[in-house]
Amino acid sequence: MKYMKRNDGLSVPMPSRRRFVQGLALGGTAAMLGGFVEPAWALAGSDQRRVLSGTTFNLEIGKTEVNFTGKPRIATTVNGQLPGPLLRWREGSNVTLRVTNRLRVPTSIHWHGILLPFDMDGVPGVSYPGIAPGETFVYRFPVKQSGTYWYHAHSGFQEQTGLYGPLIIDPPGNERIRADRDYVVMLNDWSDEDPAAIFAHLKKRGDYYNRGELTARDFFGDVSRVGLKQALAERKMWNEMRMSPRDLVDVTGATYTYLMNGATPAGNWTGLFKPGERVRLRFINGSSNSFFDVRIPGLKLSVVAADGQDVEPILVDEFRIAAAETCDVIVQPQEDRAYTVFAQSMSRDGYARGTLAPRPGMKAEVPRLDPLPLLSMTDMMGAMARGGHAMQGMQHGAMPGMDMGGHGSEPSPPTHLPVGEGSAKVRHARSEYGNPNVDLRVETPRTNLDDPGVGLRDNGRRVLTYADLHTIGGSLYPDPVTREIELHLTGNMHRFTWGFDGLKFSQAKPIHFRYGEHLRIILVNDTMMTHPIHLHGMWSELESPDEQFQVRKHTISVQPAQRITYRVQADALGRWAYHCHLLYHMEAGMFREVVVS
Amino acid sequence: MRRFFWHAPVMMLFVLATTRVYAQDAMRGMDRHAMPMQDAGASSEIRSPDYSGDIGDGPMTGMDMRGDAPLGMLLFDRLEYFDGRDDHGAAFDMQAWYGNGANKLWLKAEGETAAGRLRDLRVEALWDRPVGAFWDMQAGVRHDAGIGPDRNWAAFGVQGLAPYGFELQATVYVGQSGRTALRFESEYELLLTQRLILQPRFEANLYGRADPQRRIGSGLSDAALGLRLRYEFSRQLAPYLGVEFERRFGETATLARDAGEPAFDARLVAGLRLWF
């Protein structure tokens with residue numbers, strides 16, 4: 001019995017499932033089984049044993065036995081650790097990283113979000129041929145930035161099987177953000193299944209891991225609540241489109257155990273504090289295919305950096321972190337008690353959990369998972385769902401007055417935009433038409449950034465949105481934009497094919513950036529899933545809907561039916577990867593090569 | 001001949017129904033997505049997906065992406081024991097494919113044994129290619145065995161997912177000596193819970209001309225309506241219980257009666273649905 005208890009009571013967890021979700025208390029690598037349950041990776045004020053700092057690093061990629069669920073499995077690890085050792089660099093230094101491959105297959109390490117020469121970026125097929133078995137590759141480059149980052153494999157599915165770790169770069173002078181304690185909180189998704197099997201399952205059945213589909217029981221519940229006619233109307237459009245409002249993510253807690261700093265929820269990673277101290281938590285979503293909604297009940301989170309770049313502090317209760325994003329927060333617990341660090345998956349089928357406590361061994365209450373949300377009309381058609389004259393364009397009977405709110409769906413997000421605005425002109429690519437790999441095109445995408453996304457709207461908590469993020473110091477590139485490139489995120493949920501403009505990586509030509517030009521990238525999400533899009537080697541400077549600088553990032557999460565724009569200064573010569581950071585979407589084709597020349 | 005005329009409209013109806021579903025689907029796609037919206041602000045302007053500026057592909061040594069990697073699947077939609085009014089036996093319905101997103105070799109086989117002998121077997125080998133977001137085109141050959149002489153056909157059809165999630169297969173066959181046939185199959189999955197799934201299934205076979213040696217009359221020869229309730233222990237393994245109603249029509253019914261078989265049969269079925 002492998003499926004998850006949600007608080008809608010639809011399914012009951014069996015004992016084995018509980019262990020699967022909660023994991024073993026002492027799960028993890030051999031090092032952890034040796035009693036490694038005290039705080040790992042405290043940058044200040046505690047244990048330093050898994051931190052490697054300096055300018056020269058020797059890393060060995062190999063196989064290590066792990067056990068997170070009661071079943072021994074082989075993970076791909078760095079120096080035998082999962083996650084790999086915390087690397088600590090200093091801005092302004094030159095680092096040398098000798099990476100030795102002890103596997104039987106080629107491997108690679110990519111330094112995520114780091115500005116470096118393209119041949120040091122670590123993407124096989126784009127930056128270099130990868131690291132052959134037995135070989136050592138020497139990465140050498142100057143460090144030109146500071147903040148919270150991470151590293152991971154860019155070979156096959158090795159990232160899913162454990163090849164990842166945190167990367168912290170100290171600023172050249174004093175740290176601008178003052179903190180008494182400094183912890184990395186790395187979130188990951190572990191599966192006992194072979195990731196190649198996960199990929200094959202999705203190819204054969206797109207909803208393989210979705211155990212939250214609407215059922216007859218939901219239908220009868222709706223009938224008794226809103227009547228037959230309304231219950232049918234609520235389903236009409238989804239059914240006609242052969243889509244599911246519960247298609248939130250492809251891989252779920254049906255196979256994943258979520259980890260915090262390599263510890264299962266039962267393992268309970270703990271960070272120590274003294275009441276009144278300022279504690280910096282550097283959240284890194286190092287998962288392969290998961291979004292986490294993070295909060296610490298009882299504490300306000302002051303967000304101070306996003307993707308390694310300092311932002312004007314903003315006080316929130318909760319934030320969503322997409323795969324590959326990082327988010328630094330400051331908390332100041334005043335009471336002498338434990339607080340739970342709760343990171344529930346977007347699909348509400350599990351969570352990563354840890355504890356902030358004054359003393360080891362303490363625990364606080366773990367919140368229940370939020371109800372499983374439904375995608376809303378906003379997620380399907382963007383701005384059109386908000387009504388107004390745009391609605392008349394919809395040649396669809398079920399549309400007007402449609403209210404999905406009945407069974408747990410959310411109303412449209414709050415917006416400051418007047419009715420009918422908030423949508424921009426879309427230009428679909430020729431290749432999106434008559435293409436079996438495109439199951440949807442959005443005509444009126446939404447452009448507002450103040451939507452926290454499905455499952456977080458109107459939940460009673462102050463949830464971070466991209467509209468809240470303002471990079472300190474503004475844009476690095478004041479020059480005007482000289483060219484626009486529009487790309488659409490496309491896919492077919494049933495065939496499990498993904499791409500840009502309807503084209504898989506294998507079907508597409510590289511994207512050319514002219515060296516030195518200042519580009520505006522326009523992304524329109526023509527799917528009902530959220531895609532964290534990552535451009536290697538150059539910053540992505542997200543713009544507000546009126547094209548003003550918003551926040552500097554390396555990974556930008558694009559919500560369903562959303563149109564976002566960001567600026568890129570093409571100042572890094574060479575070949576770069578550009579892709580969705582959901583590993584299975586990337587492998588299925590949502591990947592492009594960018595050439596700067 | 002008279003029978004043929006009698007059933008011709010029915011046959012036409014099936015052809016029309018299937019093509020209409022497919023065509024409407026394509027049209028609906030046009031309505032909703034492809035055509036510019038009436039609202040001027042939302043009208044689409046088509047652009048090129050090519051931003052390469054004519055730079056060529058560089059070497060891709062070490063590139064490792066699975067987008068086009070071939071996969072294989074074997075599905076036993078039905079693998080069952082049946083107990084009818086007059087007989088009992090075993091039946092199976094399988095599909096298997098190998099290939100990537102653009103091209104697949106698709107095998108289908110359906111058969112029935114009763115009283116220790118093969119009563120009916122249909123095997124198809126098809127080339128499958130996607131033609132729409134939800135539809136595949138299939139072309140290939142079919143071989144029939146069982147009662148009477150074996151028959152071979154050329155096959156051409158569509159398989160896919162209709163609005164509301166109906167899985168459809170519609171195939172036209174052309175055989176030797178001017179034989180023609182049409183096969184239509186539809187399935188639906190109704191989730192009672194996340195694991196308990198009710199699967200209604202409908203199948204109909206039509207023939208252009210009679211083949212008395214195989215006890216087949218012209219026109220609508222037979223139809224089946226099934227209802228199976230399965231429990232998914234895992235996605236890939238689900239035992240089921242169900243009922244299936246089979247009806248032979250017209251000349252086919254007469255030929256069956258002459259052979260001592262009923263024209264209508266109601267069966268209880270128990271089996272496994274499994275895939276790899």
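Biologist: In chain B, 29% of the 276 residues are listed as buried. What makes a residue count as buried here?

Modeller: Count the other C-beta atoms (placed from the backbone) within 10 Å of its own: 20 or more is buried, 12 or fewer is exposed, and in between is partly exposed. In chain A, 59% of the 597 residues count as buried. Mind that this is a predicted model, where local features need pLDDT of at least 70 and side-chain atom pairs count only at pLDDT 80 or more, while totals for chains, interfaces and linings use all residues. Residues are numbered from 1 along each chain as its sequence is written, with chains lettered from A and ligands numbered from 1 in the order in which they are written.

Biologist: Take A:H579. Why is this histidine called buried or exposed?

Modeller: A:H579 has 28 C-beta neighbours inside 10 Å, so it counts as buried. It sits in strand 32 (residues 574–580) of chain A; strands are DSSP runs of E of at least two residues, helices are runs of H or I of at least four, and both are numbered from the N terminus.

Biologist: What does A:H579 touch, leaving out residues up to four places away in sequence?

Modeller: A:H534, A:M586, A:M590, A:F591 and A:R592. Touching, or contact, is C-beta atoms (placed from the backbone) within 7 Å. A:L535 is 44 residues from A:H579 in sequence, yet their C-alpha atoms are 6.7 Å apart.

Biologist: How many elements does each chain have?

Modeller: Chain A has seven helices and 33 strands; chain B has two helices and 13 strands. In chain B, helix 2 (residues 250–258) has buried residues B:G250, B:E251, B:T252, B:L255 and B:A256, and B:G260, with a positive phi near 85°, follows this helix.

Biologist: Why is the packing of helix 4 of chain A against helix 5 of chain A called what it is?

Modeller: Helix 4 (residues 216–226) and helix 5 (residues 228–241) of chain A meet at about 130°, axes 7 Å apart. That makes helix 4 of chain A oblique to helix 5 of chain A, because under 35 degrees is roughly parallel, over 145 roughly antiparallel, 65 to 115 roughly perpendicular and the rest oblique. The axes are lines fitted to C-alpha atoms, for helices over the stretch in contact, and the angles run from 0 to 180 degrees between N-to-C directions.

Biologist: Which residues of the two helices meet?

Modeller: From helix 4 of chain A, A:F219, A:D222, A:V223 and A:V226; from helix 5 of chain A, A:L228, A:Q230, A:A231 and A:E234. They divide into five nonpolar, one polar and two charged, where Ala, Val, Leu, Ile, Met, Phe, Trp, Tyr, Cys and Pro are nonpolar, Asp, Glu, Lys and Arg charged, and the others, Gly among them, polar.

Biologist: What makes something a nonpolar core?

Modeller: It is a set of buried Ala, Val, Leu, Ile, Met, Phe, Trp, Tyr and Cys residues joined through C-beta atoms within 7 Å. The largest has 156 residues, and A:V329 is one of those with the most contacts inside it. Strand 12 (residues 181–191) of chain A gives the most to this core, six residues. A second, separate core of 14 residues includes B:W106, B:A155, B:I216 and B:F249.

Biologist: And how many residues does each chain put into the contact between them?

Modeller: Chain B gives 49 and chain A gives 67. On the side of chain B, helix 1 has the largest share, four residues.
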